[in-house]
Amino acid sequence: MPLILDPNIDDADGFYDELLAAHHGLTKAESDALNARLILILANHVGDRAVLRQALEVAREK
Amino acid sequence: MGPGLRADPVSFRLYPYARVPDQDAPARRHAVVVVGGGPVGLALALDLGRRGSPVLLLDDNEGAGQGSRAICFAKRTLEIAHRLGAATPMLDKGVVWNVGRVFHGEHQVFEFDLQPETGHRNPAFINLQQPYFERFLVDAIRTAQAEGAPIELRGGNRVTAMTQEADHAALEVTTPDGAYTLEADWLIACDGAHSSIRDFMGLEFEGRVFEDNFLIADVRMTAGFPTERWFWFAPPFEGAGKSALLHKQPDDIWRLDFQLGWDIDRAAELAPEKVRARVDAMLGPGVEYDLDWTSVYTFQCRRMRRFRHGRVLFAGDAAHQVSPFGARGANSGIQDADNLAWKLDLVIRGLAPDTLLDSYCQERGSGADENILHSTRATDFLTPKSEISQIFRDAVLGLARRHAFARSFVNSGRLSEPCAYDGLPLTGADALTDGPARTRPGAACVDAPLADGFLLDRLPGEFVLLGLNAPLPDLAGMEGITLHRLALDCATDDPTGALAARYLGAAAQAVYLIRPDQHVVARWPDAQAGAITAALRRAIALKG
C-alpha cells in the first residue's frame, strides 16, 4: 500500500489539538525527545519499509 | 636479543628465534611466505600446510603478544578451527556465554539470550584471550608438522623491506643475527592494522576513522558476577565515559571497556591509580581485583580497495578494520584465511588459474563491506554524531525499557555471522526450489547432527558432493580436483530432523556441491554430471 497523503484522520482539528497538548509545558529538549519517541512508535506501527522510505522522502521536501 | 631487533614481550614464547640456513645463502625462493603470526597468519599457515602446500611464516615476535585483545570467537571461527584440528582446546579453555544485558544509566533496558539453536557442534560464542587462541593454533601447527605438513615458523624475523617483481616478491628480513633476503612466489600480509607490507607498497585504506578512545582494563577477580555480557549506555558510575562493557574471560579475568571520548591524555588515562578509580566505581565497594592488562585504543571502519596486488595478498586487519563492537575483527580474519587457503593451494598445484585469487578479493571484500556496515551502524548508535542522532538514540533506549519493538533498534554491536557470497562469480545456481535460504549457494554450510557426529565433520576441506535422499552420479575427469562424495539418507542419518530442516526445507531430496571452505557452490533437486562439472569449473575460476 502506498503512503497515504490524502486526508485520513477523523477530526483533524481534534488530533492537531492533541498533538500540541502532548507538548504542553515541555522544554525544547523534552519536546524533541517526545517527537523522537512518537516517530519511532509510528514508524514501527507502519512497518512497511517502502512506505517509510516514501514518508522520509516526502518529509524531506520543503 | 642482539642488534637490529628488539622483540616485544610475549604471553607465550611459541617460536623462539633460531638461525636457519637461509640466512647464509643467496635469496632462497619459497612458495608462500606469510607475514605475521597473529590468528589470521597462523590459521592460514596451518590450513595451507595441512593441504601440503609449503608455507613459511615470519613473525617479528617470538610468540603470542601480550594482552587479551580479541576475546569473542564466533561459531564459524570455531567450525574452521575444528576443521583445522585446533578447536578442542579452545572449547575446553573458553567461556561459553549466551546472556547479554543492556543498561541505560541505572536501568536495565533489556536482556537477550543468544539461545543458540541446538544441533551444532559449536556454541554461538566463546570468550577466550587472543594469546590462547594463537597458542592453540601453534599447537595444531606442531601436530601437523609432526605429521609431515610443510610449515615453518620463524620467530624474531621482521620484514624490513619488500619489492614486488613479475613472478615473486623479494623480502629483506632482519633478525637478531642481522639481515638476510628471501623470495616468495606468493606473499600473504597478515601483519595487522599497521601492516608494514602495506606501507612498503604505498597502499592505503578507504573509510572512516572514528574519533573516540576506549580504555580496556582486564581485571582478575573471583567476584560473583555472572557469565554474561553487560553493556551500559551512559553508565551511572563515576568516570566511565559514554558507554561501558563487562565481559568474562577464562582464568577469572574480566574485560572492562570504557568509552573515554576523543580529547584525552592517553598516558594519564593509563596510570594505574586512574584506571583503578574507574574500575572501583564500576565494580562497587569491597570488590578485590588485580589489573591484568590495560590499553587505550581507537578504531577505524575501513578497508583496502583491493586485497590482491599481483603476488601479494592481504588478509585480516591488514586488509580491513572494524570497530570491536560485534566481534567482527578476528572472526572475519579467520574467514579470510579459510577462503584463501584452498584457493592458493589449488593455484600453487596448477589446478586452478591464478584468477581464482581474484575471487578471494571479491568474496572477502564483500564480507568486509558487510562487517564495516554493521560496525559503522553500531558505532553511530554508541556515539551519536549529532544532536538529533543523540535524541533518537536516547528515545530508543527510553522506549526499549517498556516496549519490545524499540529493542530491535538498540545496537551495542551486531554479533559476527559468516558472510554469504551471494551473486559473486564462484557462486552457482540455486535450482532447489523452496530450499532453505540459510543454505543457499554462497552461504556457509550450517552444522547439523547426524546419527554419528556432525555434518561439518564430514566436510573435511575438499570439494564435497552431498546427496540427501538423492543418488549421486558417477563423475569422471573432475579437472584433477578431489571430490568427496557424501550420500546421506534422512531416514537413518538425520535423528533430529535438523538436517532436513536446514538443507531440504520442503524438498524431498537434494544434491549440494560444497567448497573446501564449506560454502555452498550450487544445489539441485537431483544432479546430472554435466551440471555438477560446470558448477565445479565455475568454483575454481575455469572458463566455460
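**Notebook: domains, cores and the chain contact**

I looked up the spacing first: the C-alpha centres of domain 1 of chain B and domain 2 of chain B lie 30 Å apart. The model is a predicted one. For the bounds, I noted domain 1 of chain B as 10-93 + 127-204 + 301-370, domain 2 as 206-300 and domain 3 as 437-539.

Next I checked how domain 1 and domain 2 of chain B meet. I found 15 residues of domain 1 in contact with 15 residues of domain 2. On the domain 1 side, strand β18 (residues 290-304) of chain B gives the most, with three residues. I sorted that side by class and got four nonpolar, seven polar and four charged residues.

I then turned to the nonpolar cores. The largest has 127 residues, and B:Leu44, B:Ile188 and B:Ala315 touch the most other members. Helix α8 (residues 330-348) of chain B gives the most to this core, 10 residues. I also noted that this core draws at least three residues from each of domain 1 and domain 3 of chain B.

I listed the contacts of B:Ile188, leaving out residues up to four places away in sequence: B:Val32, B:Val34, B:Val35, B:Leu44, B:Leu313 and B:Ala315. A second, separate core has 33 residues, and I found B:Phe233, B:Leu245, B:Tyr289 and B:Ala406 in it.

Last, I looked at the two chains. Six residues of chain A are in contact with nine residues of chain B. On the chain B side, α10 (387-400) and α11 (404-407) each give two or more residues. The largest share, seven residues, comes from α10(B). By class I recorded seven nonpolar, one polar and one charged residues on that side of chain B.

Note on methods. Residues numbered from 1 in each chain as written. Chains lettered and ligands numbered in written order. Predicted model: local features only at pLDDT ≥ 70, side-chain atom pairs only at ≥ 80, totals over all residues. Contact = placed C-beta atoms within 7 Å. Helix = DSSP H or I, 4+ residues; strand = E, 2+ residues; numbered from the N terminus. Nonpolar A, V, L, I, M, F, W, Y, C, P; charged D, E, K, R; others polar. Core = buried A, V, L, I, M, F, W, Y, C linked by C-beta atoms within 7 Å. Buried ≥ 20, exposed ≤ 12 C-beta atoms within 10 Å, placed from the backbone. Domains from an automatic or database assignment.
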